[in-house]
Amino acid sequence: MAEIRVDFSKPIGQIKPVNGVNNGPVCYGSILNVSASWRELGIPFARLHDPNWPHPREVDIPQIFPDFSKDPQDPASYDFRQTDDYIQSIIDAGTNIFYRLGVSIEHTKRKIYTAPPADFGKWAQICVGVIRHYNDGWADGFQHGIKYWEIWNEPDNPDGHCMWSGTPEQYYQLYAAASRAIKAYDPSLMVGGFAATSINPEFTNGFLAFCRAEGLSLDFYSWHVYANEIGQVTKLALEAQELLKQYGYENAESWLNEWNYVPEGLGALFDPNSPRTAVRKAIEGLRSAEAASFVTSVLLKMQDLPIDHSCYYDGQPGAWYCGLWDTYGVPMKPYYGFKAFRTLVDCGTRVSVELTSDCEGIYSCAAISADGQSGCLLVCNPSAEARDCQITMAGVPSGAVVQKLLVDDTHELEPVQGLVGLPAHSIQLHRWG
């Protein structure tokens with residue numbers, strides 16, 4: 001029988017809070033607001049990309065600076081109003097901002113905003129204007145202290161110029177102009193990119209070689225993966241680490257800032273001839289116990305991967321690729337996986353977990369609080385088969401009552417009694433204190 005052995009007396013490091021998301025808790029013109037349940041997840045970062053998609057009114061440069069002929073030094077050239085409110089709703093929910101400078105994705109036949117800016121230097125100064133507004137009070141602005149600034153999103157995306165209709169070299173030049181301008185304004189800010197589409201090797205090698213040749217700052221490298229095997233995440237994380245080391249950027253942070261599960265049949269979503277029932281089934285798959293066990297397993301696997309931060313896509317309620325809340329703001333199965341993971345983060349200190357060799361495909365992590373008064377073990381079985389598994393825990397204070405909570409097809413992080421083994425597509429949280 002597979003065995004998981006936990007020893008709460010053996011600290012081995014800190015839990016990485018990789019439970020960030022994309023976008024915020026308020027959308028649909030503020031009609032849908034999940035801020036209360038959002039706070040329960042303890043989300044550390046919200047990356048601003050595709051807010052209120054497919055009709056973004058906030059964040060994107062063309063929405064904030066609608067007339068490119070205007071002067072970037074004139075506050076009257078900007079319209080920050082909607083973005084101000086959007087960002088405030090995220091900060092009010094206790095989450096930090098990761099700001100993507102650029103545009104949202106366009107799947108429509110006609111592309112409106114994905115062409116390279118007409119003047120890279122001017123575009124860079126507009127970016128500085130955005131930073132001045134949100135960090136330094138310019139133009140009736142704020143002191144939000146936003147640390148991370150990402151230059152564009154997926155310029156390497158091969159899907160019909162849905163993100164970038166220019167050449168790779170044009171993107172490299174845009175990155176150079178923006179990163180230099182931002183660093184000249186405030187060297188303490190973290191600047192990076194390029195939100196790679198599953199780490200396109202040709203584009204990435206060209207980008208990193210260009211950055212090295214030009215002596216450009218790259219404080220973080222961001223990349224994406226949508227997967228149905230956890231090994232895909234592992235493979236790309238190691239590739240990113242090796243590429244950064246190869247080009248002399250081994251100290252750059254690695255941000256997996258778009259990721260999610262790919263349920264069976266998701267391709268139907270992009271085929272207008274598919275039966276709509278097939279599309280519905282695929283989207284429901286994103287909100288299932290199967291998806292919950294997968295994404296929670298990824299959160300645990302990232303503890304041992306060279307990934308510094310991550311942002312699940314998507315966090316805005318009702319988004320078609322969001323598994324956390326449905327269109328009505330009701331929490332779905334993956335929400336409870338994120339909620340269980342928050343317990344690990346709150347405990348803080350990671351402790352030793354040993355798995356026997358027959359535990360392949362099972363993911364686990366445990367933590368204890370600094371005062372030793374509380375602890376937890378999180379275990380995931382993302383497979384379609386139930387697993388026999390014995391769990392032993394050492395170092396639990398005498399008299400502590402260990403509670404077992406379950407997420408599966410019929411439970412939503414609910415206490416269970418007498419459960420033996422790991423049900424298919426399930427998450428177990430054992431906690432005490």
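Helices (H or I, at least four residues) and strands (E, at least two) are DSSP runs, numbered from the N terminus. This is a predicted model, in which local features need pLDDT of at least 70, side-chain atom pairs count only at pLDDT 80 or more, and totals for chains, interfaces and linings use all residues. Residues are numbered from 1 along each chain as its sequence is written, and side-chain values use heavy atoms, with hydrogens and water left out. The chain contains ten helices and 18 strands. Its radius of gyration, taken over C-alpha atoms, is 22 Å, close to the 22 Å that the globule rule gives for 433 residues, so the chain is as compact as a globular protein of that length. The globule rule is 2.2 Å times the number of residues to the power 0.38.

**The chain as a whole**

- The C-alpha trace spans about 70 × 50 × 40 Å along the principal axes of the chain.
- Of the 433 residues, 57% count as buried; buried means under 20% relative accessible area, exposed means over 50%, and partly exposed lies in between (1.4 Å probe, protein chains only).
- Among contacts (heavy atoms within 4.5 Å) between residues at least 6 apart in sequence, 75% join residues at least 24 apart.
- The chain has 32 positive and 51 negative charges, and their mean positions are 1 Å apart.
- For that count, Lys and Arg are positive and Asp and Glu negative, while His and the chain ends are not counted; the place of a charge is NZ of Lys, CZ of Arg, CG of Asp or CD of Glu.

**Helix H10 and the residues around it**

- Helix H10 covers residues 333-347, and its 15 residues should span 21 Å at 1.5 Å a residue; the end C-alpha atoms are 23 Å apart, which agrees. The expected span of a helix is 1.5 Å times one less than its number of residues.
- Eleven of the 15 residues of H10 are buried, so the helix is largely enclosed by the rest of the structure.
- The buried residues of H10 include Tyr335, Tyr336, Phe338, Phe341, Leu344 and Cys347.
- Just after H10, Gly348 takes a positive phi of about 95°.
- Ser369 touches Cys347 and Ser374, leaving aside residues up to four places away in sequence.
- Ser369 sits in the loop between strand E13 (363-368) and strand E14 (375-381), and at 12% relative accessibility Ser369 counts as buried.

- Helix H5 (residues 168-185) has 18 residues and reaches 26 Å from its first C-alpha to its last, close to the 26 Å expected at 1.5 Å a residue.
- Among the buried residues of H5 are Tyr171, Tyr172, Leu174, Tyr175, Ile182 and Lys183.
- The cover over the buried residues of H5 includes strand E6 (96-101), helix H4 (120-136), strand E7 (148-151), strand E8 (190-197) and H6.
- Glu214 belongs to helix H6 (residues 201-214) and is partly exposed, with a relative accessible area of 37%.
- Glu214 and Gln173 are 41 residues apart in sequence, and their C-alpha atoms are 10.0 Å apart in space.

**Backbone exceptions**

- Most residues other than glycine have a negative phi, and most peptide bonds are trans.
- The peptide bond from Trp53 to Pro54 is cis, with omega near 15°; Pro54 lies in the loop between strand E5 (45-48) and helix H2 (61-64).
- Val59 lies in the loop between E5 and H2; its phi is positive, near 75°, and Val59 is buried, with a relative accessible area of 0%.
- Tyr313 and Asp314 are joined by a cis peptide bond with omega of about 25°, and Asp314 is in the loop between strand E11 (309-312) and H10.
- Ala139, in the loop between H4 and E7, has a positive phi near 55° and is partly exposed, with a relative accessible area of 22%.

**Ile12 in strand E1**

- Ile12 lies in strand E1 (residues 2-14) and counts as exposed at 51% relative accessibility.
- Ile12 touches Arg350, Val351 and Ser352, not counting residues up to four places away in sequence.
- Ile12 and Ile61 are 49 residues apart along the chain, and their C-alpha atoms are separated by 43 Å.
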